[in-house]
Amino acid sequence: MAMIPRERVPYSAIVDRPKLKLPGNGRIIVWTIVNLEVWDIGKPMARQVLPAPTGQPLLPDVPNWTWHEFGMRVGFWRFHALYERLGMRPTLSINARVTVDYPRVAQACRDAGWEFMAHSWEQGPIHKEEDQRGMIFRTMDQLENFTGKRPVGWLGPGLTQTYDTPEHLAEAGVKYIGDWVYDEEPTEIRTEKGPLITLPYSVECNDIPMMIVQHHEAQYWTQKCIDAFDRLYMEGAERPRIMAIAIHPYISGQPFRIKYLEAVYEYMSRFAGVVHWNGEQILEWYLEARKEKA
Amino acid sequence: MKPLDRISYSPIPQRPPLKLPNGARMVVWTIVNVEEWDIDQTMPRTVLTPPAGGSPMPDVPNWAWHEYGNRVGFWRMLKVLDSLDIKAVLAINGTAVRAYEPISRAALERGWEFMGHGYTQKNMQKVENEREDIAKTTEAIRAFSGTNPRGWLGPGLTESWETPDLLVEAGYEYVCDWVLDDQPVLLKTRTRPIVNVPYTQECNDVAMMLIQHHSAIEYYRRAMDQFEQIYADAAGSARVMALVVHPYIMGAPHRLKYYRRALEEIRARKDVLFWTGEQILDWYLEARKEKA
């Protein structure tokens, strides 16, 4: 039942599609995603800020574990304060194990009404899961038990998928995925267990590629997000666009980086026709909007 | 043949001057690279490494990141090139001609030049049969556009020792894998010579954004610095400047304006020509005769 991407959806040029409409002449949807993860100290760390002297990977990797742990202890609370102040309820991309290891953090997100998007059980490429289907169900069940509502969204760890991941996800009750960063509109892809919607997540306005892979300076975050926003806002006059902003507390929650994130929201607040929606809201809008255009 | 068997060293100020028509000083050509990345292979480039490293297959996130360029990014670039009335050169993988037919059609309708860019985005040293790969690329372009491509760019500029020979035998008249000069030059092959047109690894978004990890504005700054210097250098003898883009990189919303700004400013200069690769080729072949 495994399918390659081309079997799930044909190539489509954005200019060839009917236009979707946002309510009230909206031009752009901003979709903020906060990623919360569990980095198991018994395994290699998902990312490293400091490779060991001589570059050999060592276990346990305490320095990089604590670097990430800082995000859960300190950085997350900077995000929390920011979104409380802005009255925003972002999407939380969450390893299900966070509800076990960091209940304090998960409860704060639940209490604040953030959307819980499933993000695997813990952080590691999905290719290495011995029982991928079982892990997906376990993740969805755990989050459902924790929030009282089964998640509708899924983001693979590092966006990873195997060829049969979409089938497992659809079967487990997932409605949308963020793993396919191949468009600026939602799209529908085929699985043997029913369709999935893709939402335009981002590997561009995303602090992992920018800060950890490409090593940009902190202030470039503001510039890049504003440049992306300006372009999408302009084009949104003709066809609504979606802009995703993906952040991690151990990166953007650092004291020297947080102001560059805050500045992005400050900039966007000056424009009319900008809505801040979570993944589930975008999904619901899309399912209705595509009926109207049909 | 090794490179120095094909071309001997030549210092640029010691050559007879090249002249462009109507007193133009230099030529700019812009190349848009459209590729198809095979999901069953390792992705040619990545933006996001998997958690804890390694290279698990399939690599859906990086495949999707590239696919974005052809679904969305290309169409943004097209508007810029249309608004400035610039005919670009489409360097396209043979398989991509059909896989992304709306792109091929847009290029054909505008009279862009199609340049062969390998049948797939695979190193030329790793394709099983190079001659066949070139022939299939030529055929894919001819079948769609009605014309044989005259120019060739290897995937990632890769060549074997034999590539220039095979290209000439397949009917190609120019190649741009050799970034060794600011002017076209002739490369010997075992039959007729082939022209090499100056391409660039410097004003190239793959090198700048994916390898060197510059901020997007550096594309604009570097393009203008490159332009001003070549313009100055071209006082006595014409030079060629290339601007290279890929839809999945410079077609991202936050990057596009820096490509647009560079093109706009250069377009406003009166004695600078925007040509395709074949226009450069035809001019060079004529200009050589005259100076000889």
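The largest nonpolar core comprises 157 residues, and the residues with the most contacts inside it are Met243(A) and Leu90(B). Helix H2(B) gives the most to this core, with 12 residues. The model described here is a predicted one. When residues up to four places away in sequence are not counted, Met243(A) touches Ile28(A), Val30(A), Trp31(A), Ala228(A), Phe229(A) and Leu232(A).

Chain A contains 10 helices and nine strands. Its radius of gyration is 19 Å, close to the 19 Å given by the globule rule for 294 residues, so chain A is as compact as a globular protein of that length. Along the principal axes, the C-alpha atoms of chain A fill a box of roughly 55 × 45 × 40 Å. Buried residues make up 47% of the 294 residues of this chain. Among the contacts in chain A with a separation of 6 or more, 72% are accounted for by residues 24 or more positions apart.

Contact between the chains involves 32 residues of chain B and 44 residues of chain A. On the side of chain B that touches chain A, H2 and helix H9 (253-267) of chain B each supply at least two residues. The largest share of this side, 11 residues, comes from H2(B). Sorted by class, the side of chain B that touches chain A has 23 nonpolar, six polar and three charged residues.

Within chain B, helix H4 (residues 101-109) has Ile103(B), Ser104(B) and Ala107(B) as its buried residues. These residues lie on the same side of H4(B), because the arc that they cover around the axis is only 100 degrees. The elements of chain B that cover them include the strands E1 (26-34), E2 (89-92) and E3 (113-116), together with the helices H2 (60-83), H3 (94-99) and H5 (130-145). Gly111(B), which follows H4(B), has a positive phi, near 70 degrees.

Most peptide bonds are trans, and most residues other than glycine have a negative phi. In chain A, the peptide bond from Leu59(A) to Pro60(A) is cis, with omega near -5 degrees. Pro60(A) is placed in the loop between strand E1 (28-36) and helix H2 (62-86) of chain A. In chain B, Met57(B) and Pro58(B) are joined by a cis peptide bond with an omega of about 0 degrees. The loop that holds Pro58(B) runs between E1 and H2 of chain B.

Ala52(B) also has its place in the loop between E1 and H2 of chain B. Although Ala52(B) is not a glycine, its phi is positive, at about 65 degrees. Ala52(B) counts as partly exposed, because 19 C-beta neighbours lie inside 10 Å, whereas a buried residue has 20 or more. A positive phi is found as well in Asp85(B), a residue other than glycine, with a value near 55 degrees. Asp85(B) lies in the loop between H2 and E2 of chain B. With 9 other C-beta atoms within 10 Å, Asp85(B) is exposed.

Definitions and conventions
Residues numbered from 1 in each chain as written. Chains lettered and ligands numbered in written order. Predicted model: local features only at pLDDT ≥ 70, side-chain atom pairs only at ≥ 80, totals over all residues. Helix = DSSP H or I, 4+ residues; strand = E, 2+ residues; numbered from the N terminus. Rg over C-alpha atoms; globule rule 2.2 N^0.38 Å. Buried ≥ 20, exposed ≤ 12 C-beta atoms within 10 Å, placed from the backbone. Contact = placed C-beta atoms within 7 Å. Arc of directions from axis to C-beta. Nonpolar A, V, L, I, M, F, W, Y, C, P; charged D, E, K, R; others polar. Core = buried A, V, L, I, M, F, W, Y, C linked by C-beta atoms within 7 Å.
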